[in-house]
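User: Hi! Could you walk me through a few local features of this model?
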Amino acid sequence: MRVLVVEDDLIVTDAIIRSLSEHHYAVDTAEDGAIGWECVESTTYDLILIDVGLPKLDGITLCQRIRDRGCGTPILLMTAKDDSTYRIRGLDSGADDYLAKPFDLGELQARVRALLRRGTVAASPVLTIGKLQLDPRSCQVTYAEKLLPLTPKEYSLLELFLRHPSRVFSCGDIIEHLWTFDDPPQEESVKSHIKGLRQKLKAGGAVDWIENVYGLGYRLREGIEANQEQSAQSYDNQVAQLWEQYRGLMAERFAVLQQSAHTYPLPIELREAAERAAHKLAGVLGMFDRDEGTQIARQLEKQFEGQAELPAEEVRSLVRRLGDILNLSAPVETSGSPLNLPKIDEFESEVPRDGKDSKSSLRSWTVLAVDDDPIVLATLKQLLEPWGMCLTGIDNPLQFWTVLSAINPDLLILDVEMPQMNGVALCQAIRANPAWQSLPIVFLTAHQDTATVQQIFAAGADDYVVKPIVGQELLSRLTQRLERLRLLQTLSTKDSITGLANQFYSSQAIEAQFRNHQTTYLAILYIPMLRQINIQQGHTIGNQILKQTGQCLQASFCNGEILGYWRNGEFIIASSQTTKAKFQEQLSEVIAMLQRQPFEAPNLIYRSAVVNYPTDGLTLRSLYQTASLCLEGSIHE
């Protein structure tokens with residue numbers, strides 16, 4: 001389990017880390033509320049411990065902000081103020097529990113175990129499935145009363161699976177839950193730990209308990225049949241509710257087909273309406289286990305678009321069979337006049353946004369889906385949100401650009417055929433926009449012909465899924481795409497040693513401030529001895545210095561400054577929220593703090609220079625040149 005501790009007292013922090021680490025928790029720390037908020041925004045935690053009296057952002061405000069974000073992670077507040085007012089404010093802000101300082105570490109452990117048990121399958125402290133038992137108090141695992149000798153990471157893996165027995169965890173999910181920022185592993189390392197756990201479970205008698213779900217990740221196989229049955233029953237209930245919710249819309253679409261089958265000659269407007277109705281039914285009926293209905297709807301779609309020439313009686317027979325499948329076979333009156341097509345309300349008003357807790361323990365991805373069929377959008381919501389994907393759906397493509405800018409999604413799902421706008425043309429427009437060229441795009445389409453598929457990929461799509469949607473296929477494709485996106489984002493934006501933005505990414509952010517004509521102060525913080533340290537003492541020592549410097553800068557600059565590492569010992573800090581005097585004063589304090597650090601390289605020296613946009617230069621390049629000249633002068637003095 002991964003825990004975040006937000007505490008400014010280093011003594012208390014160290015005691016908590018030692019206590020939690022002994023019980024195999026992965027612990028991240030933050031020295032103030034601002035850093036704590038950044039951690040919560042970027043990482044998923046199983047539990048958050050927050051001190052009330054924090055600098056920069058107090059603990060109660062931080063707790064409120066976390067809850068306003070929709071995060072359901074358990075929160076334990078800690079404070080030295082033994083006052084009922086603070087306890088009430090803390091609990092009202094969304095905290096789950098409260099612990100007054102000084103506290104006993106044994107009580108802390110008990111409260112942590114109690115909070116982690118909430119929402120899991122176990123009602124007692126001991127996690128039990130069949131003959132397998134895991135006791136979080138003693139950190140011991142037994143099978144058939146025989147002790148299993150697990151490593152700390154193997155223990156943590158098993159605990160994660162036992163607390164979520166029906167959930168599939170990707171390698172990325174496992175890393176987020178069980179490793180801290182300081183020691184992120186490669187995926188091969190995760191697979192090695194999985195292999196080791198499997199072998200030890202097998203040696204103890206628990207054979208094949210961990211299942212590899214193709215394309216998704218890993219889950220616990222044994223002991224989850226009842227849970228799976230309950231989950232399947234829950235999903236079936238949700239699908240049944242969706243069917244009843246949209247029964248009226250199904251009836252209206254069927255009425256279009258029924259009227260078209262009994263109207264001769266068939267007006268152009270009614271024929272086009274029938275083609276759209278058949279297309280929509282073909283795209284959704286398979287999601288409700290009515291595969292025969294999908295096939296019939298596709299036949300009718302081809303008929304009304306002119307690709308088939310079926311006799312009139314055969315068309316009416318297909319419509320009757322479709323009515324039997326829909327249980328909507330009662331005849332409707334036809335007047336031969338053009339039919340007023342049903343108005344589809346916006347998805348946001350038809351489908352309530354609930355289920356926040358279902359994704360609270362997973363990394364939340366923002367997905368935007370554009371499909372003029374609200375049934376497809378509602379089904380996507382049911383499929384994706386339990387997997388940590390926050391879905392925003394719009395059935396009016398004319399709203400697309402407004403919503404896109406407002407939510408900044410991680411992934412886009414598009415339909416091919418929509419009124420007012422074609423999905424393929426929309427994809428081409430997105431790829432032509434520099435701001436959205438890298439946005440992953442997955443198409444949903446009822447078309448399977450080669451021409452449509454070629455059009456989709458030629459427009460710039462990353463993938464496509466054929467309607468009716470098959471849940472596991474869609475999840476697999478989206479999960480793989482998002483996992484790849486997470487890896488690429490990390491590699492493309494951050495320096496792997498310091499954790500700061502790399503040169504390209506930080507340069508873009510600084511130049512964006514220039515384009516907004518903001519007065520910006522740019523500082524270069526330079527370690528002139530770094531190359532010599534790498535040669536004489538090795539890169540391990542040099543990298544340690546870089547890492548600690550990056551952590552110190554992140555802890556010191558928390559008011560919107562842009563931080564970057566440009567290699568060769570050069571750190572960049574850019575600020576538009578202060579004056580030059582205050583910026584230089586803050587930078588001097590940071591350098592003094594760094595020089596007090598117990599580095600293994602003695603007499604470590606930092607040099608700095610501060611320049612101003614637009615006074616000292618109108619481009620980032622000219623400002624960098626000016627600052628570099630200042631640095632050279634200070635080095636030669």
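This is a predicted model: local features need pLDDT of at least 70, side-chain atom pairs count only at pLDDT 80 or more; totals for chains, interfaces and linings use all residues.

User: What volume does the second largest cavity have?
Analyst: The second largest cavity has a volume of about 30 Å³.

User: And which residues line the second largest cavity?
Analyst: Its lining is made up of H279, K280, G283, V284, D373, V376, A446 and K467. By type, that lining splits into 3 nonpolar, 2 polar and 3 charged residues.

User: Which element gives the largest share of that lining?
Analyst: Helix 11, residues 268-284, supplies the largest share, with 4 residues.

User: Switching to the backbone: which residues does a cis peptide bond join?
Analyst: Y613 and P614 are joined by a cis peptide bond, with omega about 10°. P614 sits in the loop between strand 20 (607-613) and helix 24 (620-636).

User: What is phi of R567, and where does R567 lie?
Analyst: Phi of R567 is near 75°, a positive value in a residue other than glycine. R567 is in the loop between strand 18 (562-565) and strand 19 (570-575).

User: What about phi of N568?
Analyst: For N568, phi is near 55°, again positive in a residue other than glycine. N568 is also in the loop between strand 18 and strand 19.

User: Why does N568 count as exposed?
Analyst: N568 counts as exposed because its relative accessibility is 66%, and the cut-off for exposed is over 50%. R567 has 46% relative accessibility, so R567 counts as partly exposed.

Conventions
Residues are numbered from 1 along each chain as its sequence is written. Side-chain values use heavy atoms; hydrogens and water are left out. On a 1 Å grid over the protein atoms alone, a cavity is a set of points where a 1.4 Å probe fits but cannot get out, and a pocket is an open set with protein on both sides within 12 Å along at least five of seven lines; lining residues have an atom within 4 Å of a point. Grid points are joined across faces, edges and corners, and a volume is the space filled by probe spheres set on the points. Helices (H or I, at least four residues) and strands (E, at least two) are DSSP runs, numbered from the N terminus. Ala, Val, Leu, Ile, Met, Phe, Trp, Tyr, Cys and Pro count as nonpolar, Asp, Glu, Lys and Arg as charged, and the others, Gly among them, as polar. Buried means under 20% relative accessible area, exposed over 50%, partly exposed in between (1.4 Å probe, protein chains only).
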